[in-house]
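Dear colleague,

I am passing on the structure below, and I would be glad if you could read the notes that follow with it open beside you.

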Amino acid sequence: MREAIGTVFFTVSGNLWIALATPPLAIVTLIAALFGGNRAALAVGRFWTSLWLFFAGTRLRVQVAPSVDPGSTCVYMVNHLSMLDIPVLLTSLPSPAVFLAKKSLFGIPVFGWALRAAGIVGVDRKNRSEARSTFAKAIRRMSEGLSLLVFPEGTRSPDGRLRAFKRGGFLLAIKSGRAIVPVGLKGTDRLNPKGSLLYRPGPVEVRYGEPIEVAAYGVKGLEDLVATVRGRIADLAGAELVAERSDDAAGA
């Protein structure tokens, strides 16, 4: 009974926060970007997501490997379970990071402008001809000192198991020479199931693993790199691997 009451309470408060706070904070993000650039805009986003988690009843348990340098630029790769993954990660990331988002989101008035102001990279999954432009934008963000957040599965897992990885994020890491930091998420799918607006109160575990240097792999060792990172993420998340064939699309 207590759990049911908590779910109702945090579902209402979490969704109210998103509905009521997003427009004004999007405007604040635009103003912050105007005076402080992408980093200032991302700081506003971190404030927004931390309160989103608070009103959704989500408690973070974060572990960061000692070798993860908050001052370095890297590519964070993480399993994808829920809509809660983005606020959980943006709140807990050791360094400022941008991510790949559906290009359609950028068409939403004010909110889409805020995404652009924060340096978020738009991707059109249906238009592969734009892949080169997307890569160039992501590389540029990293050259500006911002890390990149990638969901290599490309979409949320329907059952918590780790699906096949798309290669786009790995090619970005190799081309930029940035280390890959594997990240394991656990619990977001229980608190906010895929396709649901419910928010159940409870803990979420986020584990940032040891960075993996890509120089030792290169393009020729791409498949070995994918397998290594996938195995590390599975271990960090406590997730079962699903044997599937990967493709060449960029993970978002």
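**What was found**

Helix 2 (residues 85-92) is largely enclosed by the rest of the structure, because seven of its eight residues are buried, where buried means under 20% relative accessible area, exposed over 50% and partly exposed in between, with a 1.4 Å probe and protein chains only. The buried residues of helix 2 are D85, P87, V88, L89, L90, T91 and S92. Helices (H or I, at least four residues) and strands (E, at least two) are DSSP runs, numbered from the N terminus.

Please keep in mind that this is a predicted model, in which local features need pLDDT of at least 70 and side-chain atom pairs count only at pLDDT 80 or more, while totals for chains, interfaces and linings use all residues. Residues are numbered from 1 along each chain as its sequence is written, and side-chain values use heavy atoms, with hydrogens and water left out.

Turning to the sheet, seven strands form an open sheet in the order 1-7-6-2-5-3-4, with mixed pairing; two strands pair if DSSP finds at least two bridges between them. Its edge strands, each pairing on one side only, are strand 1 (58-64) and strand 4. Strands 3 and 4 run parallel and are joined by three bridges, and A101 has G122 in strand 4 as its bridge partner.

Helix 4 packs on this sheet, touching strand 2, strand 3, strand 4 and strand 5, contact being heavy atoms within 4.5 Å. The buried residues of helix 4 are T134, F135, A138, R141 and M142. They lie on the same side of helix 4, because they cover an arc of only 125° around the axis, the arc being that of the directions from the helix axis to the C-beta atoms. These buried residues pack against helix 5 (168-176) as well as against strands including strand 3 (97-102) and strand 5 (147-150), whereas the face turned away from the buried side carries the exposed residues R132 and S143. Just after helix 4, G145 takes a positive phi of about 95°.

Finally, S157 is found in the loop between strand 5 and helix 5, and S157 is buried, with a relative accessible area of 4%. The side chain of S157 has a polar atom 3.0 Å from the backbone nitrogen of G160 and reaches the backbone oxygen of R161 at 2.7 Å. Leaving aside residues up to four places away in sequence, S157 touches H80, L81 and R163.

With best regards

How values were computed. Polar contact = N/O pair within 3.5 Å; in protein donor to acceptor, adjacent residues only side chain to side chain. Axes fitted to C-alpha atoms, helices over the stretch in contact; angles between N-to-C directions.
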